[in-house]
Amino acid sequence: MLLLLIIKYNLGSKIILGIFFAAMTFMFFYFAIKLVEMGYVLKKRKPYYVHFYFFKRKLSELQKQILKDKFRFYNKLSEQNKRYFEHRVASFIIDKDFIGRGGLVITEEMKVLLAATAVMLTFGFRDFYIGLISKIVVYPKKFYSKSNASYHKGEFNPKLKALVLSWEDFLKGFDVEDDNLNLGIHEFTHAIHINSIKERDISSTIFSDTFKELSEMLSKDDALRDSITSSKYFRKYAYTNQFEFLAVAIEHFIETPQDFKSEFPQVYAKVRQMLNFNYAGY
């Protein structure tokens, strides 16, 4: 009996030690990989990898058709990137609550186009969920906001983790694809920007650090800053504050990338780095 107890004790000790060493080995390799990637990020200013999925979610045929018919960016992607994009749109739809207000009924088209806008902006990110958004609230038209007692087309409320949009104005953003006015891109950029300040994942770090670099570049380069303000390429609203400048700049980056690159290549390069955008036309 005593011998049996000793054997069991030794066996249990070996199992515990085995688990301990396995855990330590895993932690060692995990932190070693993180360290190597951080070195890569510091040198290249982009994640070591972006797309890696054990399984990919699929969209319904209706949802895929909506993307094909109404989302230009999707159609410009390679077949492999289209599958990644579909997976991310499906995942984003599952992750968020879509809420209609003012009598609006949420449709599949609304879910797909809203999710696709967020996924487009974060397609170069590893973590694409924008954790500061838990719900997307959609009104038929402009809505009354208690934040400043006025009517808005869109707003992001980080305290409520809510992105709020006028559907009429969201659609107008895609009616003319090169006017650099896109409500969805503008408001999702605000959410991504604030999320990047609060989060410390690789993509958020690159986004927030590059924004600091851009801000510093603009503050120090008087000639560049004067050139931007006098060119009238960006609308006046861009100069409200740093957050609005970035949101307007990304509207321009998505809608007229070649014009942006030609006008202000330094600023364009920073925005491209921020988003890790390496796709056709950019």
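Start by selecting L114, T117, A118, M120 and L121 in α5 together with G184, I185, F188, T189 and I192 in α7: these are the residues through which the two helices meet. You are looking at a predicted model. Sorted by class, this contact of α5 with α7 holds seven nonpolar residues, three polar ones and no charged ones.

Now show the two helices as a cartoon. Packed helices in general are described by the angle between their axes and the distance between those axes. Here the axes of α5 and α7 come within 10 Å and cross at roughly 55 degrees, which makes α5 oblique to α7. The crossing of α5 past α7 is right-handed.

**Next stop: from α7 to α10**

To see the contact itself, select I185, H186, T189, H190, H193, I194 and I197 on the α7 side, then F243, E244, L246, A247, V248, I250, E251 and I254 on the α10 side. How do the residues of the contact of α7 with α10 divide by class? Nine are nonpolar, four polar and two charged.

**Back to α5, this time with α2**

The α2 and α5 axes are 10 Å apart, and the helices pack at an angle of about 60 degrees. α2 and α5 are therefore oblique to each other, and their crossing is right-handed. On α2, pick L62, Q63, I66, L67 and K70; on α5, pick E108, E109, V112, L113 and A116; together they make the contact. The contact of α2 with α5 has six nonpolar residues, one polar and three charged.

Stay with α2, residues 61–70, and colour it by burial. Which of its residues are buried? They are Q63, I66 and L67. Turn the view until you look down the axis of α2: the buried residues fall within an arc of 95 degrees, so they line one face of the helix. To see what the buried residues of α2 pack against, show α3 (72–75), α4 (79–95) and α5 (108–121).

Select T210, which is in helix α8, residues 202–220. Is T210 buried or exposed? T210 is buried, with a relative accessible area of 0%. Leaving out residues up to four places away in sequence, T210 touches K270, Q273 and M274.

Now click on K270, in helix α12. K270 counts as buried at 19% relative accessibility, as the cut-off for buried is under 20%. Draw a distance between the C-alpha atoms of K270 and T210: they are separated by 6.5 Å, with the two residues 60 apart along the chain. Beyond its neighbours within four places in sequence, K270 is in contact with T210, E213, L214 and M217.

**Two backbone stops**

Before these two, a reminder: most residues other than glycine have a negative phi. Go to A149, in the loop between β3 (143–145) and β4 (150–152). A149 is not a glycine, yet it has a positive phi of about 55 degrees.

Then move to N276, in the segment after α12 (265–275). N276 also has a positive phi, about 50 degrees, although it is not a glycine. N276 counts as buried, at 10% relative accessibility.

**Zoom out**

Finally, show the whole protein. How many helices and strands does it have? There are 12 helices and six strands. Of its 282 residues, 45% are buried. For contacts with a separation of 6 or more, residues 24 or more positions apart account for 71%.

Technical notes:
Residues numbered from 1 in each chain as written. Predicted model: local features only at pLDDT ≥ 70, side-chain atom pairs only at ≥ 80, totals over all residues. Heavy atoms only, no water. Contact = heavy atoms within 4.5 Å. Helix = DSSP H or I, 4+ residues; strand = E, 2+ residues; numbered from the N terminus. Nonpolar A, V, L, I, M, F, W, Y, C, P; charged D, E, K, R; others polar. Buried < 20%, exposed > 50% of the residue type's maximum accessible area, 1.4 Å probe, protein only. Arc of directions from axis to C-beta. Axes fitted to C-alpha atoms, helices over the stretch in contact; angles between N-to-C directions. Parallel < 35°, antiparallel > 145°, perpendicular 65-115°, else oblique. Left-handed = near helix turned anticlockwise from the far one by under 90°.
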